[in-house]
Amino acid sequence: MSFKNTIIFGDSYSTFKGYIPSGYAFFYSEDEKSVTDVRNVADTWWHQLITETNSNLVLNDSWSGSTIGYTGYNNSDCSKTSSFIHRLHLLKDLGFFKKNKIDTVFVFGGTNDSWSNAPIGDPKYFGFENDDFYTVLPAISYFFKTLKDTLPDANIICIINTELKVDIAKGLKNACDFYEVKYICLEDIDKISGHPSVKGMTQIKNQILSSLYGEIKDSLK
């Protein structure tokens, strides 16, 4: 199994200094004073995954502390900065998806929407208005709708973190079901200060591969 041209939309869990766009905040780096023991990019879940599957990562669009929706920490407005929605629109406006034939998308978010206590809102799948994106559930749905509209033929995979607020974990699953996006629910990930350790990164990679390989085997029956 190989992902020919892959993009990641993520938060701190998917960052590493020097491997994300310039100006994006990072959590993981080679700094020996780092909070976790992840100090080598080769230890990240995504680097392990790309390497083991001999795949091509076109862009790691991950920003530490980022929310899917427009409401960040301390009720900050992320509509023009770090939000997943804004970053997706920015890539579209820059013509990224016309220049790059993306076949696989990994979406690993929702953690900061949960931690920041952003307003949850009510589920919504159509008829979106801008104000909707300041609440979590409509923002999640709109992000996946826009992603599907932009890349209708791509394989989109949503990774759902452990320890999310129940409403947000459920909202991610429901949005994925509605827009026919595959999701993988992580289990028992080793963390330090809420972030994956080296062991946790490998667990994430293994659970993704196990889920995807299982799906392939099932389709061959």
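Predicted model: local features only at pLDDT ≥ 70, side-chain atom pairs only at ≥ 80, totals over all residues.
Close-up 1. Leaving aside its neighbours within four places in sequence, N161 is in contact with Y13, F108, T111, L186 and K191. With regard to the fold, N161 belongs to the loop between strand 4 (155-160) and helix 6 (166-178). Its relative accessible area is 5%, and because buried means under 20%, N161 is classed as buried. The side chain of N161 makes a polar contact with the side chain of Y13 at 3.1 Å, and another polar contact joins the side chain of N161 to the side chain of T111 at 3.0 Å.

**Close-up 2. The aromatic pair F96 and F97.** A search of the whole structure finds 19 aromatic pairs. For F96 and F97, the ring centres are 5.1 Å apart and the planes stand at 85°, so this pair counts as edge-to-face. F96 is buried at 13% relative accessibility, and F97, with a relative accessible area of 14%, is buried as well.

**Close-up 3. The aromatic pair F128 and F133.** Here the ring centres of F128 and F133 lie 6.1 Å apart with their planes at 40°, so the pair is described as tilted. F128 is buried with a relative accessible area of 19%, while F133 is buried at 6% relative accessibility. Both residues belong to one aromatic cluster, which is formed by Y70, F128, F133, Y134 and Y142.

**Close-up 4. A charge over a ring, shown by R87 and F84.** The charged end of R87 sits over the ring of F84, at 4.6 Å from the centre of that ring.

Key:
Residues numbered from 1 in each chain as written. Heavy atoms only, no water. Phe/Tyr/Trp six-rings, centres within 6.5 Å; stacked < 30°, edge-to-face > 60°. Buried < 20%, exposed > 50% of the residue type's maximum accessible area, 1.4 Å probe, protein only. Lys NZ or Arg CZ within 6 Å of the ring centre and 35° of its normal. Helix = DSSP H or I, 4+ residues; strand = E, 2+ residues; numbered from the N terminus. Polar contact = N/O pair within 3.5 Å; in protein donor to acceptor, adjacent residues only side chain to side chain. Contact = heavy atoms within 4.5 Å.
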